[in-house]
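Please open the structure in a viewer and keep the sequence at hand.

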Amino acid sequence: MPSPTAQELLASISGLSPESAQQAADRIDECRTLLAAGVGMDAVQQHLKDEGISVMTAVLITTRLIGDHPSRLLAARLIVECSPARTPDSALSRPRR
């Protein structure tokens, strides 16, 4: 049975498989936990990158993390694309060993 977050994704995104919805939902819930623990959005973006999450999926996840922002998709895209984890010259963007 899909989690409540996965059910919300399935209801709002056509063509998303239940498996993909549950995987994204698990990441969303994981990131919400990180944010609640006091880490910032840059750390969340680094975590997503370290986990091999694509930019597109990170944007989807971030839209759910920022809530009812008036320009939620644009805001999420800017957060992901401008995060130190995704910028090419950032020390944070280099793979960890």
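The stops below take in helices, a pocket, cysteines and individual residues.

This is a predicted model, in which local features need pLDDT of at least 70, side-chain atom pairs count only at pLDDT 80 or more, and totals for chains, interfaces and linings use all residues. Residues are numbered from 1 along each chain as its sequence is written, and side-chain values use heavy atoms, with hydrogens and water left out.

**Stop 1: helix 1**

Select residues 4–12, which form helix 1. Helices (H or I, at least four residues) are DSSP runs, numbered from the N terminus. The buried residues here are T5, A6 and L9, where buried means under 20% relative accessible area, exposed over 50%, and partly exposed in between (1.4 Å probe, protein chains only). They lie on the same side of helix 1 because they cover an arc of only 100° around the axis; the arc is that of the directions from the helix axis to the C-beta atoms. On the other side of helix 1, P4 and A11 are exposed. Helix 2 and helix 4 are among the elements that cover the buried residues of helix 1.

**Stop 2: the largest pocket**

Next, select I13, L16, S20, Q23, A24, R27, I53, M56, T57 and L60, the lining of the largest pocket. Helix 2 (18–36) and helix 4 (55–65) are the elements that give two or more residues to this lining. Helix 2 gives the most, with four residues. The volume of the largest pocket is about 260 Å³.

On a 1 Å grid over the protein atoms alone, a pocket is an open set of points where a 1.4 Å probe fits, with protein on both sides within 12 Å along at least five of seven lines; lining residues have an atom within 4 Å of a point. Grid points are joined across faces, edges and corners, and a volume is the space filled by probe spheres set on the points.

By class, the lining has six nonpolar, three polar and one charged residues. Ala, Val, Leu, Ile, Met, Phe, Trp, Tyr, Cys and Pro count as nonpolar, Asp, Glu, Lys and Arg as charged, and the others, Gly among them, as polar.

**Stop 3: helix 3**

Select residues 41–50 for helix 3, whose buried residues are V44, Q45, Q46 and L48. These buried residues pack against helix 2, helix 4 and helix 5, a contact being heavy atoms within 4.5 Å. Just after helix 3, G52 takes a positive phi of about 80°.

**Stop 4**

Select A76, which is found in helix 5. Is A76 buried or exposed? A76 counts as buried because its relative accessibility is 0%. Leaving aside neighbours within four places in sequence, A76 is in contact with V59, T62, T63 and I66. The C-alpha atoms of A76 and L60 are separated by 7.7 Å, although these residues are 16 residues apart along the chain.

Move on to S83, in the segment after helix 5 (72–82). S83 has 1% relative accessibility and therefore counts as buried. Not counting residues up to four places away in sequence, S83 touches D42, Q45 and L78.

**Stop 5: the cysteines**

How many disulfides does a search of the whole structure find? The search finds zero, a disulfide being a pair of cysteine sulfur atoms within 2.5 Å. For C31, the nearest cysteine sulfur, that of C82, is 18 Å away. C31 counts as buried, at 0% relative accessibility, whereas C82 counts as exposed, at 55%.
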